[in-house]
Amino acid sequence: MNSEQNLQQAEQLLAAWNKETTHPEANRLDATIAADDLRLAVSALHNTHWGYLSAITGMDLGPDAGQMEALYHFCNGPAITTLRIRLPRTSDVSLPTIEDIIPPATFFERELHEMLGFRIEGGKSNERLFIPDDWPEDVYPLREDFKIEQAKPVEGRHADELPDEGVVGGNKFVIPIGPQHPALKEPGHFEFTVDGEIVTAASMRLGYAHRGIEKAAESRNWIQNLYLFERICGICSHTHAYAYSQGVEKLAQVEVPARAQAIRELVAGLERIHSHLLWLGVTAHEAGFDTLFMYSWRDRETVMNLLEQITGNRVNYSANVLGGVKADVGPEQAKAIKEGLNYLETRIRHYLEVVTTDTMFLNRTRGIGTISYEEAEEFGLLGPTARASGLLRDVRVEAPYGAYTRFPISGVTETNGDLEARCVVRLKELLVSCFALRTIVDNLPEGPLTTKMPRKVPAGETISRVEAPRGELFYYIKSNGTEHPARVHIRTPSLCNWVSVLEKAVGRQLADVPMLIAGMDPCFSCNDRLVTTVGTSGDRKTWSWKQLREYGIEYYKR
Amino acid sequence: MNINNDQLWVKVIKKVRAWARLNSIWAVHFNSGSCNGCDIEILATLTPRYDVERFGIKLEGSPRHADILIVTGPVTRQARERLLRTYEQMPEPKFVVSVGSCSISGGVFQGCYNVGGSVDEVIPVDVFIPGCPPRPEAIIDGIIQLLTHLKDGNPRPARKEQIIERVVA
């Protein structure tokens, strides 16, 4: 089925509840429905397996318009169906929950609640996701009339409520990990309830790296935002800038020159190599295999050199400008890239051999954290984590954008779904990337690097999807015709992949947990927005340190 | 017991202690809301090309064993208290290195609702390393400057006097 037919099918499915249908741009269907019909409409799409829920965007249209909007985006290949719900802007804006239909929606819904003050009826939890604990109630940062003075800390609360000392119930004990990590370089706080060595419940608290970028974007102009979004994440900074500039160019109806598109893909490919090699090193380190860590990071320096040679910086390279790229690839760089790729390819083949044959490493990866195809679909996983379970979620393949139409990429999948498969998928992907990059360098189209961009972007809204190293990166951009965006909503892949850790940690040994966390390649800076609990820890009771000590002494007297 | 600083054995012990400390600096890394850019560059300094272990510098997991606290990021509201706690858990003498533009001034995140501003508003900083992100060479240079300064028994570098509020543990 092509995307036209897909959209027609979606329109038929939604016909019963649809109040108004528009086609804002190619491959998009926008259906306005009433809040009461939301659950029925979502079930209709979900039950026929029409794509997957990619993101929920909340919007406050301001006190003048007196309305709030929630947009449920479903992606099916290149086709996107948006369910739009308009509600009056009152003190009680409520939406029915859909988390029982689509479990991963719980993160999106809690984001809606926290950032914009939507009340989610029937939702399991209204706990803080990524806003500090001392944030006042009923103050929502993404509301139009939010002022920073409103966010004064609440008396008697800490921004970061500390876990109780030694929390136990029965034979259980809670092990807190983070947010200052010995191995992982990013802040995130985990609590694993253990019964002996076995994890019985897992929960986490993020938000240590939440900076409030979506709000800041509304007060900066289109060009300033490019550099702001690049600094959402230092590892995939090009992908963020890519997705943002692609969206803004679509809104401004600017055609990016072919050479610029090819260079964007080139930098994105190099970034993928750097990101996956980095990941391989961190995972090896978690498994206690420091030799592999050092080797893979040594080889990663080859890519860093190439990135520096092309763009002038090792990290946060700013290769993009609105309307094109600012870095050209001349004959000298082309030669260096090819030499570098040849070297990397032999190394990647070597690593592929190591991760599939080294007995010690296989003991830590084979058959651990296995996610089946059905589970991957149910959890809404993205990127390599999904592809390791045989679910081909890759925007470059499903909905080719930019230069990927000219230089297509073949999707890599594995079937086992365990940690070993995730290693193999990522390394095989690098081989595909090396091949594609060589083709691009050989066939770089001639032409200019940039086209002229207007200062003000015409009013409208668009969706831009890009495949980041960790999965699908989703940008929703709305312009009201001024120099600033009206709303930018970003859904990063890590947000969708967290479930894979928390669900899979339960029932495993505590020692597997670091590997599970590393296995999904988490990026806190990117997503930083949730807390969630999986498993049953109902009989938790707080013990003071003294009580615990006495209990320990008594226990060993027996 | 009264210890006279002029006594020979006191001088010798001080010298030995300084020698040992300067040749085995253990660093603890804290990300207070940075974009990862600085963090991956800090990790890169440990790996074969830059290899800070040749100066005896090692990344250590626990703040209780560390001499240097390397902080990145603009200090978000939620990370602030953990940063203070981590700092307080370190034994004296302790030094703080703040890496990256946003840890110095808030950088590109200045004015965001969840961002404090800079690391030196929270804890006293000895060395600032600017850059977005600074290159691994710059990070090594910053730490080595601190070490050379301390080498001859110099006092810690001049810094703003600050009152550090204690965290209720």
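Mentor: β15(A) and β16(A) form a hairpin with 5 residues between them, and A:Gly481 in the turn has a positive phi of about 85 degrees. Strands (E, at least two residues) and helices (H or I, at least four) are DSSP runs numbered from the N terminus. This is a predicted model, in which local features need pLDDT of at least 70 and side-chain atom pairs count only at pLDDT 80 or more, while totals for chains, interfaces and linings use all residues. Residues are numbered from 1 along each chain as its sequence is written, and chains are lettered from A and ligands numbered from 1 in the order in which they are written.

Trainee: In which sense do β15(A) and β16(A) pair, and over how many bridges?

Mentor: Two strands pair if DSSP finds at least two bridges between them. Strand β15 (residues 471-479) of chain A and β16(A) are antiparallel, and the bridges number 6.

Trainee: How many residues of strand β16 of chain A are buried?

Mentor: A residue is buried if 20 or more other C-beta atoms, placed from the backbone, lie within 10 Å of its own. Across chain A, 51% of the 558 residues are buried. Strand β16 (residues 485-491) is mostly covered, the buried count being 6 of its 7 residues.

Trainee: What is the strand order of the open sheet in chain B?

Mentor: Strand β3 (residues 68-72) of chain B runs parallel to β4 (residues 95-99) of chain B, joined by 5 bridges. The edge strands, each pairing on one side only, are β2 (58-59) and β5 (127-129) of chain B. The sheet has 5 strands with parallel pairing, in the order β2-β1-β3-β4-β5.

Trainee: Which element gives the most to the side of chain B that touches chain A?

Mentor: Two residues are in contact if their C-beta atoms, placed from the backbone, lie within 7 Å. The contact takes 36 residues from chain B and 38 from chain A. Elements giving two or more residues to the chain B side are β1 (26-31), α2 (37-46) and α3 (77-89) of chain B. With 7 residues, the element that gives the most is α3(B).

How values were computed. A residue is buried if 20 or more other C-beta atoms lie within 10 Å of its own, exposed if 12 or fewer, and partly exposed in between; C-beta atoms are placed from the backbone.
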